[in-house]
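Biologist: Please take me through this model, one topic at a time.

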Amino acid sequence: MSRRLALPLILSATVATGLLAPNIGAAAALGQGANGSSAAVTRALELSTDTRLADRRSYVIGDRFYQVGAEDGTYPAQGWHIQGEMGGFWSMPIKLLDGVWFGVNGSWLKSTRYISGAGYTRMHLGSVDGVRMSRTDIAPDGLRAGLIGLTFSSPKPRTVQLSMDAHSELMSSYPWGGTKPTNQLDFNLPDTGSYADGRLVFREQGTPAAANAAKHDWAAVVGSSLSPTGHQLGQNFRGPQDPAVICPVSGPTPSRCDDSGYGKGTGGELNYQLQLPSGSRTVWFAVSGSDTGLAEALAMQRSALRDPAGLLAAKTAQRAIVDQDTHVTLPGDPQLAASVAWSKQNLADSRQEARNLQLRVTNAGAAYPAPVGTLGVARWTGAGWPDYPWIFGTDGEYTAFASVAAGQFDAVKDHLQTLRAMSEVVNNRSGKVVHEVVPDGSVYYGANSDPGNTDETVKFPSAVALVWRWTGDNRFRDDMYDFTVRNLKYAFTNLDADHDGWLEGAGNVERSGMGQEKLDNTVYAIRGLLDLVDMAASKNDHVTQQWATSKAQDLQKRFETAWWYGHGTSSYADSLCDPGNVQLFQKYWIGLNPVEAELPARGPIPAGPLASADHATSTVAAHESSVFTGTNGLFHNGTGASSGTCDPAVPPPTGDQTIFTLGTSIAAVAEAAVGRTGPAQLGQYTSDLARVQLDPAVWEVPGAMPEISPSPAFGANIDKKFTERSMGLQAWGTYGVLWPVVHFELGVAPDLGRNSAAVIPQIPDGQSTISGSGIKLGAGSIDVTALRSASLLTTTTRSHNLALALSVGASLPAGTHAGTVQLNGVDTSYRTVVTARGTQVVVDVPDGTQTVKLQVSFSP
């Protein structure tokens, strides 16, 4: 069914233990558009807080523009890649402003309540002289501009004096503070400020005094559709943050800074006399910018201010569609259902675009050579804000699983195609996948000339196969296929010096003292080979199919002997130390990868973990203990002594109790993969992830999945300096929410590349019903409801615009067997399949059946 953005759409408001409540959305609150158009009245998915607003970060993100500030309406210096400069207003690949500030009748406005919405933020600004005020911020997709709407409510007509300060910081996203041979001290040029046609105009023009730096012309424009009554220009103008406290470029920083030692911006102020009616009036401001000169920045400003309320309505309507796709109802776990809803919004927030990237190899920040090529357009899923909003290999590959479960197929395709395009240019078609690329095109790591990470290269074929199975898009498969073949050929030719099949190189742990051969690289290489087998078979590429099959079978046969550590630990070795493949058990989170990574079905063998059945269950159970798991999730490194180190100069780890949301996601997926769905099993880890998004006692940014959860070794972001925090919004943590719910609990397993799909739910222990609607499969979708009573399992599906071979089933409770099996009220034949999740009853649905109701009675 097509959806028109012009229609008023309804965003569902999921209530989770009192944390979420339906509120009138931003578009409704702002009323009329600039041209008199009525804004869409929406019910909004919102979370709000009124505590410690000055200590909380705020994100407003579009695909071509974003801003990072604090929830009290100020703009403290943030981040550490360029210390103190990662916040403010950005249009990739450049920063535009440090911030903007508003004052009324001589009083600077600060927020008293902050609201995170689906595609917008809103602040209550209190009252001045009897006038109540609120602020709504959006970043319209497709524009290099952001909008700020100030709504004034007055019981009677009056005039107020409105002022706006803005401070520029035109600056590239690379080089960073500590890179060589050039950094931002050398690269950043002084900004200039001017006033023209009612706007503040900031420019940075020239050529940095650094080898291979190009001449540039960057511009930022700030203004409104109102006509100012006055203006000022100068080096300050930071609202209540004037004069600024400066963070040094290195060394200890104050508890809170307003600018950094890298800053070379300037400022200005616009003043207005605002006539207010009895009732409310909204005034819009726009911040726009460009790395191609003033003309584009002015054009973006005009586009943003032409109909701001209309752009807000379009943004909220688009996010209503995001909410409708993969809409889940979990009566037994409403907080997890709310986390699904917010995780989809987090993914939608994370989409980014930049143009005219100059691809250069920096060798981990040690060089700044001339570009080796260009990329006209790059679209990707940003890893995390504020310090990692750019392109990563391994992040994107984990996030792909969450994105397909959310129905956000185009985002995954864009990210993979961008990675492929960059890798092909930078690595001269070797097959190696780049690790980290900044939006100006600087390849920080992952070129042929540096070691890179092994995991993203061997995971890439699996990400392509994942998209192919969920979309059935053979053109995408064909476009990416040659690169996926070269991924694995490169890895096994160049990263296996001792020719034992276990690949060398860094994996996702990235810690010294590990063995040369890492567990995660091994697991993902085997999965990548088997996913390549599937794609090769579909293309009748028998040579590749035979090569990948032989390689995978050999590694699978030897895997348990080489990697199971045992010794009373019920765990796998994290790495093998050469020579001799000496096992190291250092208790890193990757110990669960052999269970988390699902291998595709092979003939009569159903899809499931690489780990053997007994080892899979025992290692997942072992990781539930306090050695590996804390209050908010899985530790990066389990507590207590480890088995040793591969480098005598590096002591063995003794327990890093930092809790990354990725590690907790791995644990959640591993639990689901072996059917451990109880509250202290899968439920523990999904609750941990949902809590850091949704619990006011835990979150920093309402609704945002962070990079690191509050944990013993790290503390909590909200208690740290803004220049020392981890990411407040990180895409990969959504993997542990969306994938377990959609793929395992609801049991949706498409194979659209072969025009088939299976839906075999597994209702979590202690719950009686789960459902999901609008789960996208290719160009269609499917709705799923699963019910469990004392002796009956019911799976109901309804297909929309799907023509495929569908199998529907139910997962039997442990220790039971099937009795009567009926399909749409009629006894039917069925098959039982023993999987890592348990025993499943499966029925093939007759072609053309749109609505299916499967009922399976069971007994001990």
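**Helix packing**

Modeller: The crossing of α10 and α11 is left-handed (the near helix is turned anticlockwise from the far one by less than a right angle; clockwise would be right-handed). Helices are DSSP runs of H or I, at least four residues, numbered from the N terminus. The model is predicted: local features need pLDDT of at least 70 and side-chain atom pairs 80 or more, while totals for chains, interfaces and linings use all residues. Residues are numbered from 1 along each chain, and side-chain values use heavy atoms, without hydrogens and water.

Biologist: At what angle do α10 and α11 cross?

Modeller: Helix α10 (residues 519–538) and helix α11 (residues 542–563) cross at roughly 150°, and their axes come within 9 Å (lines fitted to C-alpha atoms over the stretch in contact; angles run from 0 to 180 degrees between N-to-C directions). The two are therefore roughly antiparallel (over 145 degrees; under 35 is roughly parallel, 65 to 115 roughly perpendicular, the rest oblique).

Biologist: Which residues make the contact?

Modeller: Among them are Leu519, Ile526 and Val533 of α10 and Trp547, Leu555 and Trp563 of α11 (heavy atoms within 4.5 Å).

Biologist: New topic: how many residues of α5 are buried?

Modeller: In α5, 15 of the 16 residues are buried, so that helix is mostly covered (under 20% relative accessible area, 1.4 Å probe, protein chains only; exposed is over 50%, partly exposed in between).

Biologist: And at what angle do α7 and α9 pack?

Modeller: Helix α7 (residues 409–426) and helix α9 (residues 474–494) pack at about 45°, with axes 11 Å apart. They are therefore oblique to each other, and their crossing is left-handed. Residues in contact include Lys413 and Arg420 of α7, and Phe476 and Phe483 of α9.
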